[in-house]
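Student: I have a structure open and want to go through parts of it. Can we start?

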Amino acid sequence: MADLTTFEGITVGLFETRRKREFSAMFAARGAQVVACPLIFPESHGVEEPVREFIEETLAGKFDVVIFYTGIGIGALLNAAQQLGRYEALKDALTRMTVIARGPKGKGALKRHNLTPNFLAQPPTTEGLVKLVEGLDLSGKRVAVALAGDQPSSALSEAVINRGGEAYQFAPYHYHLPEDLSEIDAFIRRVVAREVILLAFTTPPQVTILMNAAEKLDSAQELLQTMNSSTTVAAVGTVTARALARYGLKVSVRPPEKDETMMGLVKAIEGFLRERAPLP
């Protein structure tokens, strides 16, 4: 049972969009005040050339393996195939390939199209995918990687190459900033005012989008300074921590590698709070 006193007096800032309610509830159950600032807004730009290339080469039997990062990406690809009149053909081609999904949402998205993944990453993270790939023989095989948004994964690409394969990474959809930045602006102001003293990041795009928004709002430097001096920054895993490091941000909390999940992050923060003096 959650300790209702662990997060007493702590205001946590979260950036989740799809799992906002679930993630917020994990902190609220432990006594935290939660300020949500959803940042991930996926959109498809229609049948772009990288998507068309994936579909055409899959139908031609030129890929042996496909790795899906997200359920959104699966839906975007199959919608594109439908627009091209290739929906059933693509589904049939996928059944002859090794299909890997990062997590249960990808598995669910495939199931909606009567498809089943051959493998699921454990844990459902980039690190989990890398570990899975490291256990496969990819000698002479081409591997398609349907990314989460526009950010390529050098770690996953290197893992494919190290196992003898060739990686083709592409974005089936993109992330974008909302036109109205007023909610993000209000959130940043609360961070700068030290009203939100713990920030929990669960994906690299959250980091990029927050900093892009801060740049547009002319508050990037002030936000960076506050985050490094008066805010505790938590990252769900290695890849997200690297994204924060690229902006010069210090990560104070991370779950162990074997548990790089939302609940793992909550537990890591809980342990961090118990072991040290109150947060700034």
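Student: Which helix is Gly-108 found in?

Tutor: Gly-108 is in helix H5, residues 104-111. Helices (H or I, at least four residues) and strands (E, at least two) are DSSP runs, numbered from the N terminus. The model is predicted, so local features need pLDDT of at least 70 and side-chain atom pairs count only at pLDDT 80 or more, while totals for chains, interfaces and linings use all residues. Residues are numbered from 1 along each chain as its sequence is written, and side-chain values use heavy atoms, with hydrogens and water left out.

Student: Is Gly-108 buried, exposed or partly exposed?

Tutor: Gly-108 is partly exposed, because its relative accessible area is 24%. Buried means under 20% relative accessible area, exposed over 50%, and partly exposed in between (1.4 Å probe, protein chains only).

Student: How far apart in space are Gly-108 and Ile-74?

Tutor: They are 10.0 Å apart, C-alpha to C-alpha, and 34 residues apart in sequence.

Student: New topic. Which residues of H8 are buried?

Tutor: H8 covers residues 182-192, and its buried residues are Ile-184, Asp-185, Phe-187, Ile-188, Val-191 and Val-192. Seen down the axis of H8, they fall within an arc of 160°, so they line one face of the helix. The arc is that of the directions from the helix axis to the C-beta atoms.

Student: And which residues are exposed on the other side of H8?

Tutor: Glu-183 and Arg-189 are exposed there.

Student: What do the buried residues of H8 pack against?

Tutor: They pack against strands S1 (11-14), S2 (33-36) and S10 (198-201), and against helices H9 (204-216) and H10 (220-229).

Student: At what angle do H8 and H10 pack?

Tutor: The angle is about 45°, with the axes 9 Å apart. Axes are lines fitted to C-alpha atoms, for helices over the stretch in contact, and angles run from 0 to 180 degrees between N-to-C directions. The contact (heavy atoms within 4.5 Å) is made by Ile-188, Val-191 and Val-192 of H8 and by Glu-222, Leu-223, Thr-226 and Met-227 of H10.

Student: Last one. Where does Arg-142 lie, and is it buried or exposed?

Tutor: Arg-142 lies in strand S7, residues 142-146. Arg-142 is buried, because its relative accessible area is 19%.

Student: Which side chain does a polar contact join to that of Arg-142?

Tutor: The side chain of Glu-57, at 2.5 Å. A polar contact is a pair of N or O atoms within 3.5 Å; within protein, one must be able to donate a hydrogen and the other to accept it, and residues adjacent in sequence count only if both atoms are side-chain atoms.
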